[in-house]
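Reader: I'm new to looking at structures like this one. Could you pick one spot, take me through it closely, and then show me what else is going on around the fold?

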Amino acid sequence: MMRFITVLLGTAKLAATVAAFAILATPVASAGVLSGREFQNLIAGGPEGTTIVFQGGTDKVFYSPSLKNRLRQSAELGPDFLKQKILQNTLTEGTFIGATIEGGKWRIISGIAGIAADLDSGHGVLTLLQTFPEDTSIKAFQKRDRLYAVVIVEDAPSGVVCRRSQWEHLFALRGEPRLTTVPCEFTVGNAVTPTTSR
């Protein structure tokens, strides 16, 4: 993994990338956190995909294990990019479309995502990594900074909650992402951009 990340992003950006994915190696204390397989069954079980709606409905993420974006169709990067090159403990991967309100306007972020099982605890972590149309090769991928976020789901006594990070710039990250716990709901299908055909 270390060798690939060095090739992928260059030695100057290696520390930020490793820190971004360090959360996957950190056990989560709560026994109610969904395992990687439970998380996979929750949001990657059907062909329609799933939308996670965070508290208030002003922040949503649609995840699909079957839709393909340009990166997932690329011969060099391919559909198993995260599992083969970055996060070997990835159970499933696909694409995502996220929408959040910033300054009174909707902001759309899209890219690839993977559900991984924590190496120590088995807890499921959804990692969202922004991609761009020009990401057609490793060389193109390593040139550009991108946003990323992580989500963990917990079955708490008060109901299902999500621990999530804010969108962070991958190259600027120092240390682990800070997680905020918020109520969340899951709906079948794309509630972010319902008319999108990608």
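**A lysine and its surroundings**

Author: Let's start with a side chain: that of lysine 83 reaches the backbone oxygen of threonine 90 at 3.1 Å. That's a polar contact, meaning a pair of N or O atoms within 3.5 Å; within protein, one must be able to donate a hydrogen and the other to accept it, and residues adjacent in sequence count only if both atoms are side-chain atoms. Before we go on, this is a predicted model, where local features need pLDDT of at least 70, side-chain atom pairs count only at pLDDT 80 or more, and totals for chains, interfaces and linings use all residues. Residues are numbered from 1 along each chain as its sequence is written, and side-chain values use heavy atoms, with hydrogens and water left out.

Lysine 83 belongs to helix α5, residues 81-86. Helices (H or I, at least four residues) and strands (E, at least two) are DSSP runs, numbered from the N terminus. Beyond its neighbours within four places in sequence, lysine 83 is in contact (heavy atoms within 4.5 Å) with Gln88, Thr90 and Glu93. Its relative accessible area is 37%, so lysine 83 counts as partly exposed: buried is under 20%, exposed is over 50%, and partly exposed lies in between (1.4 Å probe, protein chains only). Along the chain, lysine 83 and alanine 116 are 33 residues apart, yet in space their C-alpha atoms are 8.8 Å apart.

Now compare threonine 131, which sits in the loop between β5 (124-130) and α6 (138-142). Threonine 131 is buried, with a relative accessible area of 10%. Not counting residues up to four places away in sequence, threonine 131 touches Asn69, Leu71, Ser110, Gly111, Ile112, Phe141 and Arg146.
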